[in-house]
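Here's a structure to go through with me.

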Amino acid sequence: MEKVDLKNIEDSFDESWERIINILGEVFNTEVSLINHVEDFELEILKMNESDNNLFKENKVYDLASVYCEKTVNDEKMVEINNATKTERWEDYKAIDYGLISYLGYPIFNPQGEVVGTICVEDKKERYFKETEKKLLLQFKEVIENQLRQIDLTKKLEDNLEKGRKLHKHTLPDRMPKVDNLSFGTFYQSADRLGGDFYDVIELENHLLFYVSDVSGHDLSSSMLNIFLKEAINSYLLYQSENPDYLSPSNIINYINERFVNKDFPADYFISLIIGVISLNDYQITISNAGFQFFPLISQKTGDVFNINCKGMPITIHNSYKNYNECKYSLQPEDILYINTDGLFEQRNKNNEMFGEKNVKNTISENSNLSPKNIIDKIYNDFLDFKGKVPITDDLTSLLIKRIN
Amino acid sequence: MEIKIDDNSARIIPVDKIDVTNSEKLKKEGKKLIDKDIKNLILDLKKVNELDSSAIGRILFLIKITKDENIKLIIENVNSDYIKKVFDMLDLGEVVEIRY
């Protein structure tokens with residue numbers, strides 16, 4: 001991981017450093033006050049007060065060996081020089097030629113423990129710095145070190161979220177089952193943060209189980225919920241197979257809901273889920289909806305598109321809700337089932353209009369003769385045209401199942 | 001977000017929208033209000049025309065904390081067609097009283 005230094009954070013804290021330099025000027029009344037970046041035996045002035053001196057300028061780079069800060073960097077602690085002309089040690093230092101003969105400085109450490117810069121004041125008069133002056137400069141050094149820590153933590157967090165995003169994407173199924181007479185189309189793109197959506201299609205004897213989920217939150221909580229969901233469904237499939245109502249979507253939802261309540265999740269966590277079963281004998285679909293605001297769609301050979309009207313509450317801790325309807329539909333040859341999470345429909349463009357269900361239905365209707373993969377390409381091209389430069393606001397997830405014969 | 005308290009009822013009136021930018025506030029205000037001696041907590045949506053899934057989460061949260069304190073939660077003045085549709089799709093009326 002990249003190590004953080006003062007140049008990384010310069011832009012974020014420019015105003016803060018201005019104020020620090022100004023306060024140093026008022027309190028110390030020295031000729032110069034500086035915040036410097038140090039790297040590879042060179043020192044670069046990042047922030048400086050307004051001064052008549054001709055030696056130091058903002059953004060100028062100096063040989064570390066030619067400035068007082070060298071001792072501060074090497075000793076890794078506070079250095080005070082009362083009068084540089086009184087000792088031979090400082091003879092070759094440029095600052096003396098420019099009249100700067102006293103110095104007080106501290107090294108600045110990054111969270112990795114390396115010296116990445118200095119904060120210092122230099123004056124044209126002999127100075128014996130007071131205790132309060134040293135304490136003040138020390139405080140400012142610590143302020144800057146906290147700023148470095150903050151940016152470092154933010155970066156670590158973002159790196160972690162990015163890892164989480166990639167991992168989430170990896171947990172999506174690599175491929176769809178190979179089943180006679182059915183072809184599949186899938187799409188997933190997370191919005192710019194940790195993903196919450198998921199889908200899967202599972203082969204069972206003579207049946208397929210499929211589901212699309214959209215969990216609350218877009219942070220680590222959503223990762224936990226996704227793990228919970230997967231585990232609950234796997235557990236159901238493993239342990240409930242003796243149950244005669246095994247392949248009932250509303251039963252599965254109730255099972256997941258009970259486990260959800262038992263896990264004692266916070267009250268504002270919830271899972272939206274569409275879960276269904278297709279019989280591979282007669283291609284009848286049984287579906288239940290827990291909390292999806294946009295119903296599954298069916299398109300037919302004729303170009304007709306309609307909703308499967310099945311509604312229900314999301315999975316929440318309020319488990320008094322047991323009323324999940326099961327909607328049945330017999331998939332005919334060339335029929336396609338579409339399940340999309342709300343990111344697709346709720347996307348707004350620069351005029352604040354929503355992409356909406358109508359647009360999706362139109363695209364599907366005009367292209368229902370294409371393969372699921374091609375239909376998905378069409379939908380998402382229309383989506384990209386519609387939204388223009390507006391960023392994607394929510395995960396995009398689509399699962400399509402087509403009956404071929 | 002306006003808060004009005006009278007007699008034994010408290011009313012929360014969010015303005016414009018409830019989404020990730022302000023839904024946390026809804027949670028905080030709710031927590032404060034249930035500590036008061038009230039019988040009803042009313043979420044008045046007359047000024048709201050947009051909400052997102054984080055708002056749903058907060059409403060679910062309010063349902064729980066009011067239930068725990070024996071306070072009745074009522075959602076009132078759902079004027080927006082869009083929000084009506086969302087509540088209907090989610091069958092929210094099964095777990096909380098909604099007055100249109």
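Q: Which residue of S16(A) does A:Gly185 stand opposite?
A: A:Leu400 is the one facing A:Gly185. By the way, this is a predicted model, where local features need pLDDT of at least 70, side-chain atom pairs count only at pLDDT 80 or more, and totals for chains, interfaces and linings use all residues. Residues are numbered from 1 along each chain as its sequence is written, while chains are lettered from A and ligands numbered from 1 in the order in which they are written.

Q: What makes S7(A) and S16(A) a pair?
A: Strands pair if DSSP finds at least two bridges between them, and S7(A) and S16(A) have eight, running antiparallel. The labels come from DSSP too: strands are E runs of at least two residues, helices are H or I runs of at least four, and both are numbered from the N terminus.

Q: How many bridges does S16(A) share with S15(A)?
A: Five, again in the antiparallel sense. A:Leu400 turns up here as well, as the bridge partner of A:Tyr338.

Q: Why is S16(A) called largely enclosed?
A: Count its buried residues: seven of the eight are buried, so the rest of the structure largely encloses S16(A). Buried means 20 or more other C-beta atoms within 10 Å of a residue's own, exposed means 12 or fewer, and partly exposed is in between, with C-beta atoms placed from the backbone.

Q: In what order do the five strands of this open sheet come?
A: It goes S7-S16-S15-S12-S13 in chain A, with antiparallel pairing. S7(A) and S13(A) each have a single partner strand, so one side of each is left without a neighbour in the sheet, and these two are the edges. On average, neighbouring strands are turned by 20 degrees against each other, ignoring direction.

Q: Which strand does S12(A) join through three bridges?
A: That's S13(A), and the two run antiparallel.

Q: How do you know whether A:Leu273 is buried or exposed?
A: Count C-beta neighbours: A:Leu273 has 26 inside 10 Å, so it counts as buried. This residue sits in strand S10 (residues 271-279) of chain A. Leaving out residues up to four places away in sequence, A:Leu273 touches A:Tyr211, A:Ser213, A:Ile253, A:Ala290, A:Gly291 and A:Ile315. "Touching" here means C-beta atoms, placed from the backbone, within 7 Å.

Q: And A:Asp40, buried or exposed?
A: With 5 C-beta neighbours inside 10 Å, A:Asp40 counts as exposed. It lies in the loop between S1 and S2 of chain A.

Q: What makes H1(B) and H2(B) roughly parallel?
A: Their axes come within 9 Å and cross at roughly 10 degrees. Angles under 35 degrees count as roughly parallel, over 145 as roughly antiparallel, 65 to 115 as roughly perpendicular and the rest as oblique. That puts H1(B) and H2(B) in the roughly parallel class. Among the residues that meet are B:Leu26 and B:Ile34 from H1(B), and B:Phe61 and B:Ile65 from H2(B).

Q: What makes S5(A) mostly covered?
A: Seven of its eight residues are buried. S5(A) pairs with S6(A) antiparallel over eight bridges, and the two form a hairpin with five residues between them. In that turn, A:Gly113 has a positive phi of about 90 degrees.

Technical notes:
Axes are lines fitted to C-alpha atoms, for helices over the stretch in contact, and angles run from 0 to 180 degrees between N-to-C directions. Two residues are in contact if their C-beta atoms, placed from the backbone, lie within 7 Å.
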